[in-house]
Every structure is written in C-alpha cells, then in structure tokens.
Amino acid sequence: MALRFYAVRFAANDPWTLARFWAGVLRREIADDGLTLLPGSATDLRIHFVPTSAPKTDLGRAHFDLTSTSAEDQIATVQRALDLGGRHIDVGQEPDDGHVVLADPEGTEFCVIEPDNRFLAGCGTIGAFNWDGSQEVGYFWSRALDWPLVWDQDQETAIQSPAGGTKIAWGGPPVRPKSANDRLHMDVIADPVTDTPAEIDRLKALGATVVGTDGDDAVMTDPDGNEFRLVIR
C-alpha cells in the first residue's frame with residue numbers, strides 16, 4: 001500500500017479569479033474545471049482551488065516559496081504578481097533580506113526567493129511548500145508519504161519526493177497558533193484506492209486524527225492540528 005501527495009487544496013473567496021492569478025504567476029495551465037492548476041512537469045504540485053466564505057484575517061501557517069533563476073527573473077516574477085493583483089506585505093522581514101514577501105489578491109502570503117538559494121536548487125518554480133510546524137510533524141509526513149528527510153537540523157525539517165520537485169518544509173518552534181483561516185491544506189490519496197481504510201488506520205497510528213468527512217473524503221489532522229484530506233477518487 002502507498003500514500004501519495006495528490007494536491008494542494010487552496011481555499012478562496014473567489015476561487016476562479018484566484019486560480020487565474022496563480023496560473024499567471026506560475027505560468028501554468030488551468031484545467032477545464034477552471035479551478036485546478038495543472039502540473040507543468042511530473043514533479044510539480046497540483047493546486048486545486050475551493051470556495052470558502054471565511055475572510056482572510058491573519059497570517060496562515062503555510063505559504064509557497066517561489067524560486068528565481070536570476071536577479072532579473074526574481075524582479076520579473078514580482079512584477080508579474082503585482083500586475084495580476086498581488087501586493088507587497090510586511091511580515092517582519094528585514095530590509096536587507098534577499099527574498100520578497102507578497103500576498104495574492106485575497107491576502108495569502110508567498111515569497112519570491114532570491115537566486116542562488118542552494119536549499120531550493122533544482123526544486124522547480126514552487127521551491128518549497130513552507131509551514132510553521134514542529135519537528136514531530138515533519139517526521140509524521142516523512143513516514144506518511146514515504147518521502148525522505150532532506151533537512152533535519154535545529155528542529156527544522158524538510159522532506160522531498162524521491163522523484164524531486166517541491167520540498168515540504170517546517171520551520172520548527174515557535175509554531176504559529178492554529179488559525180481557522182488557514183488557506184492551504186494538503187490532499188493525499190491512497191494508491192490503490194482500495195487501500196484507503198488501511199491507510200486511515202496507518203495514519204492514525206502515526207499520529208493523525210480523523211475529524212470528519214466531506215463527501216467520500218476523510219478529513220484528518222496531523223500532529224500539529226493541521227487539517228488534510230484523504231481523497232477518495
């Protein structure tokens with residue numbers, strides 16, 4: 001049996017408009033449903049936008065780190081985001097930091113990372129799916145997805161698919177308090193789907209909690225209390 005990363009679930013007040021924003025920033029195609037950004041390569045994260053009525057009121061626990069191939073590329077990515085409706089925001093970054101912190105039109109934070117960042121080298125346009133999170137949750141997801149730890153130092157952890165691509169990283173303490181307005185969540189899927197009940201039991205043994213259902217999907221939380229879904233397809 002196996003569990004695989006299926007998609008980033010991105011909650012939005014206007015998911016169709018936000019899908020177009022991110023398609024423009026990432027230079028991705030949108031599926032026929034108008035809500036799913038198709039991967040540009042085999043290791044790209046699929047992003048699926050879903051509607052929510054809750055306004056964005058505070059910083060979320062998770063954000064994307066976008067990579068740059070050069071200083072000019074970083075400037076171009078920032079300008080593209082601004083032209084599409086993004087904005088600069090202050091989350092406490094230092095004036096001499098090399099990365100640029102932005103928010104999308106609904107306020108979800110993301111960073112455009114300076115070129116020559118060795119940690120994100122070769123990871124693709126979304127270099128990292130970055131979380132405020134504990135070392136424990138990094139270990140949990142490494143075991144859940146069977147992805148190796150590629151960083152484990154000073155309670156900071158990161159995992160990456162054996163095939164490469166985006167790293168999922170957790171920054172260690174202090175962990176931002178859980179917010180009802182977190183916009184980014186993980187969707188995973190059992191492969192084959194017939195293994196879903198066994199995968200739910202395995203995830204519970206690793207430290208996950210079942211908190212409900214949404215249609216056929218199982219809604220669970222990881223050891224840090226972040227919701228994720230075991231998607232039934």
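**Salt bridges in the predicted model**

R28 pairs with D44 in a salt bridge, with 3.8 Å between the closest N and O atoms; the term covers a side-chain nitrogen of Lys or Arg within 4 Å of a carboxyl oxygen of Asp or Glu. This pair ties together distant parts of the chain, 16 residues apart: R28 sits in the loop between helix 1 (15–26) and strand 2 (36–37), and D44 in the loop between strand 2 and strand 3 (47–51). Helices (H or I, at least four residues) and strands (E, at least two) are DSSP runs, numbered from the N terminus. R28 is buried at 12% relative accessibility, while D44, at 21%, is partly exposed. Here buried means under 20% relative accessible area, exposed over 50%, and partly exposed in between (1.4 Å probe, protein chains only).

The model is predicted, so local features need pLDDT of at least 70 and side-chain atom pairs count only at pLDDT 80 or more, whereas totals for chains, interfaces and linings use all residues. Residues are numbered from 1 along each chain as its sequence is written, and side-chain values use heavy atoms, with hydrogens and water left out.

Over the whole structure, the search turns up 9 salt bridges. One of them joins E199 and R202 at 2.8 Å, N to O. These two lie 3 residues apart in helix 4 (residues 196–206), so about one helical turn separates them. E199 is buried, at 0% relative accessibility, and R202 is partly exposed at 26%.

Another salt bridge brings R229 to D214, the closest N and O atoms being 2.5 Å apart. Here too distant parts of the chain are linked, with R229 in strand 15 (residues 227–231) and D214 in strand 13 (residues 209–214), 15 residues apart. R229 counts as buried at 16%; D214 is partly exposed at 38%.
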